[in-house]
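Hi,

Here's the structure I said I'd pass on.

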Amino acid sequence: MSQMPQQTAVSKCPSCEEPLEPGDRFCGACGYDLSVVPAPPEDSPTVVMNGAAPGPRPARDEVDWPTARDSDGQGRPAPVHAAAELPGTDSGGSPLPSQEPSAPEEPARESAREHSSGVRLDRPAEPDEYPLQAPAPRSAPEPAAAAPAAGAGGRMCVACRAGRVDRDGYCENCGHAQPRERDHMEQESGPAAAVSDRGLRHHRNEDAFSVGCTVLPDGAPATVAIVCDGVSSATRPDDASLAASRAAGESLLGALPRGTHPQQAMHDAILAASHAVNALAAEPATAREQAPHQNAPACTLVGAVVTAGLLVVGWVGDSRVYWVPADRATPPARLTEDDSWAAQMVAAGLMSEAEAYADERAHAITGWLGADAYELEPHTASFKPDRPGVVVVCTDGLWNYAESAQEMADATPLDAAVRPLHSARVLVGHALDGGGHDNVTVALLPFPAPPQGAGSA
């Protein structure tokens, strides 16, 4: 049967040290329950320094923690020991082995330990992340080295001009997001040059270009330029313009050295660009399920080929080619016709050019490259200018601010034929100064003085 706990004979209350009478079950001063007073230990009793009674003996499976001291006996607080200063034991009660690191740790890890709460894990340093598989040999990390100075061995921030740019495109010093690769592009190839800029309103650059030089079978030089404008209402317009410009440029540079007539080469280049854009529409079914409102990527294209005494242009859409003579006393000319609603209205005689381009539907295109195009109608034309000049190939991001041929000639620097890259930058700046509502891309191809006896075609 169960038994009541036997009272332990004590002379003073363990709590308040009030004298007790034999047989008291509770302290008359503080009410302490005398039935829970443990039996006196067999060894010498513990001397209570702070007036508190020793607590009950711990059970066999509990830990007997030492009582913390409040002072050192002279009125000063007792020194506090951090957990790292006390010897640790494992679950079996054995001391933990000391594992001091053999080499100095990283400064960052040392700093973290200095500012920690005093808990230290004596084990080798571990990485912050664990790779799921072994890295490729070419991407294996190099041995640790001192960080290079800002701008040395990497891109420098365009904002503070002091910090390096990390892999995500942000400055490590000021945090400023850096321009993406296609936000502003420039290229020179022989006598030709091109510049493309995102503009001031769009969040990305959906234009693309390709410039290059080659040699005809007779040894005469040939210069080509392709400019493409992504259709913003289509899916992935930036991919479409990039694919079209690359395909058309490669087609021209491959066909002209084989002796293909430049006008036929331009026609074939537009078809090659069309096939490249159409291929982008072949997306996996899962992509269409995740974005059911996607449509086919699309873009416009305009290009020019300059050879000795011959200028060939080709286009689909509303990007344009202008002829600006070196002698500004002679009139400039626009060499392309837009595939647009405004152009159709003017051609049908329903509106004047000023009325049509003032309409909000003016820039609705009627021809483009893409799998959803109604019908591909590549336009090509050839000219034989009788004087030197410069060919301006551009998207509507530029000609919106210099629409007529005379306005384009006025915006083009006088030395454009000898400084094409500088002049392309000036024309892009003209569009940005005008508002930069669209992406701006322009390529300049100098047209040399024609051979004696050459006429217009």
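This is a predicted model: local features need pLDDT of at least 70, side-chain atom pairs count only at pLDDT 80 or more; totals for chains, interfaces and linings use all residues.

Residues are numbered from 1 along each chain as its sequence is written, and side-chain values use heavy atoms, with hydrogens and water left out.

Start with Ala273, in helix α3 (residues 262–279). Helices (H or I, at least four residues) and strands (E, at least two) are DSSP runs, numbered from the N terminus. Ala273 counts as buried because its relative accessibility is 0%; buried means under 20% relative accessible area, exposed over 50%, partly exposed in between (1.4 Å probe, protein chains only). Beyond its neighbours within four places in sequence, Ala273 is in contact with residues including Leu301 and Leu369 (contact means heavy atoms within 4.5 Å).

Now strand β6 (residues 310–316), where seven of the seven residues are buried. Strand β5 (residues 298–307) runs antiparallel to β6, joined by seven bridges, and Leu301 stands opposite Val316. Strand β10 (residues 379–383) also pairs with β6 in the antiparallel sense, over five bridges. Two strands pair if DSSP finds at least two bridges between them.

Last, helix α9: Pro420, Leu421, Ser423, Ala424, Leu427, Val428 and Ala431 are buried there. Seen down the axis, they fall within an arc of 165 degrees, so they line one face of α9 (the arc is that of the directions from the helix axis to the C-beta atoms).

Cheers
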